[in-house]
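Reader: Could you walk me through reading this model, starting with the ligand site?
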Amino acid sequence: DYKPDAVISPVPATIGDPTQKDTPQNHSSVLYHQLRQKPLNIVGGRGSYLVTDSGQEILDATCGAAVACLGYGDSRVHEAIMEQLQKVPYCYSLYFTNSAAEELSQILVDSTGGKLSRAFIVSSGTEAVEASLKMAVQYYMELPVPQPQRCNFIARKQSYHGNTLGSLSVGHHVGRRALYEKVLAKNVHHVSQCYPYREMKDGETVEAYVARLAQELEDKFQQLGPDTVCAFVAETMTGTTLGCVPPLPGYLKAMKEVCERHGALLILDEVMCGIGRSGTLHAWEQEGVVPDLQTMAKGLGAGYAPIAALLVNQHVVDTLTRGTGAFSHSQTYQGHPVSCAAACRVQKIIQEDNLLVNVREMGEYLGQLLHETFEANPHVGDIRGRGLFWALEFVQNKETKEPYPPSEAIAWTVHKTGLKPEYSISLMPGNGGIDGISGDHICLAPPYNSTRAEIEMIVDRASRVIQEVLG
Ligand code: PMP
């Protein structure tokens, strides 16, 4: 009965601008089809491996899209899901709450040491981002003295926050936005990323670069009118677009100071880098800042169920409590009991198995091996990461940092080559880091329970793949 064409394939945004598909500056549709024809059909998974219908075992060095952080086939999560299914699979969150959602919310709130005090649970990262934007708007509408003029958002260039119209407006990936530019929100404004490899000037200190970025944000507030800005939105550690760029020391603190000076909220999007991926449960813990609103998703349910969450600071909760009394937003699958039960078990496993320690240790080992293996490679311009979240940025010329032309789709070719039986490794391709179209990288995001042997195997296979593609 298997009909491979029944599923609509998504176009990977990493391919470039779909409206320009046959220009040499961009990706060609012919190349796209060569690269993407007939995806492999996955019929099984065990540990760090995915199994195809032809029996090929693929080392998943990326947990899908940094999702399957426990690997595949953890029977403890299967049992938790079955148990919840047998109790009750679903109830409507507008009428009822459920124990699994309550327990998960408490786990998440406790994990912040009480710094954030409520959780709003949805089914995808995009939904969590949308919820954060709407909650920020509601917050200003319901302050004791409402501030309805706060209708501008500031986010960052080369960012990704989701694929619905609101979240796409906040993000700034040129390829993903291109077709929809005319219908995207006009009240979202973008400032520079914190991207030292390409954007820190020669001789500039970290302090000076951070001060420059904070000044750019300040200038944007001034340009828009400081009291018209609702929130600044940023990923704590930039994931897909730039490829695993950790914030420089003091960067997020400086950005938060600008927000506080003008009474705007800080929304940190940890959909990808959160829930342990960066080495701490929340990536902001390493930055000395607490967001007003925080999103999380991928590692939350580890892929066992679709789930995401928005964590909310007490002062926002207080304002909504005094106002409408609730968040003016709801979705049918909000707080889904089975997803919540899966996520509760995943979060307990992360604690019980001491996986954050392993993320830090194996992350350090992965970083060390990547530096040893690729430091001298003329086509690897930058090696960066934190925790178990690392990227290699590819360049034609290391001195000038000249990227490969988007038409060559280097990152996707590396991904596709990795899937050949002789390598059998899944590497996460990305581009868009420079101008939203060019700048190729691959990300590595292995499971939190990876062993030294698996980390060595990832680097060995990745280096053979890169050798084949880039020479
Ligand atoms: N925000 C960030 C930072 C992400 O990395 C992603 C997904 N890559 C999203 C939002 C959207 O999440 P989802 O695909 O689950 O809707």
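Reader: Which helix gives the largest share of the shell around the ligand?

Author: Helices (H or I, at least four residues) and strands (E, at least two) are DSSP runs, numbered from the N terminus. Here helix α5 (residues 125–141) gives the largest share, 3 residues. This is a predicted model, where local features need pLDDT of at least 70, side-chain atom pairs count only at pLDDT 80 or more, and totals for chains, interfaces and linings use all residues. Residues are numbered from 1 along each chain as its sequence is written.

Reader: How many residues surround the ligand?

Author: A residue is near a molecule if its C-beta atom, placed from the backbone, lies within 6 Å of it. By that rule 15 residues surround the ligand, with Ser-124, Gly-125, Thr-126, Val-271 and Met-272 the closest.

Reader: What is the order of the strands in the open sheet?

Author: Two strands pair if DSSP finds at least two bridges between them. The 4 strands run β11-β12-β15-β14, with antiparallel pairing. Because β11 (380–386) and β14 (428–431) each have a single partner strand, they stand at the edges, with one side left without a neighbour in the sheet. Between β14 and β15 (residues 440–444) there are 4 bridges, and Gly-430 stands opposite His-441 in β15.

Reader: How confident is the predictor in the complex and the chain?

Author: pLDDT is the predictor's confidence in each residue, from 0 to 100. The protein chain averages 93, and 92% of the residues score at least 70. For the complex, the predictor gives an ipTM of 0.99 and a pTM of 0.95.
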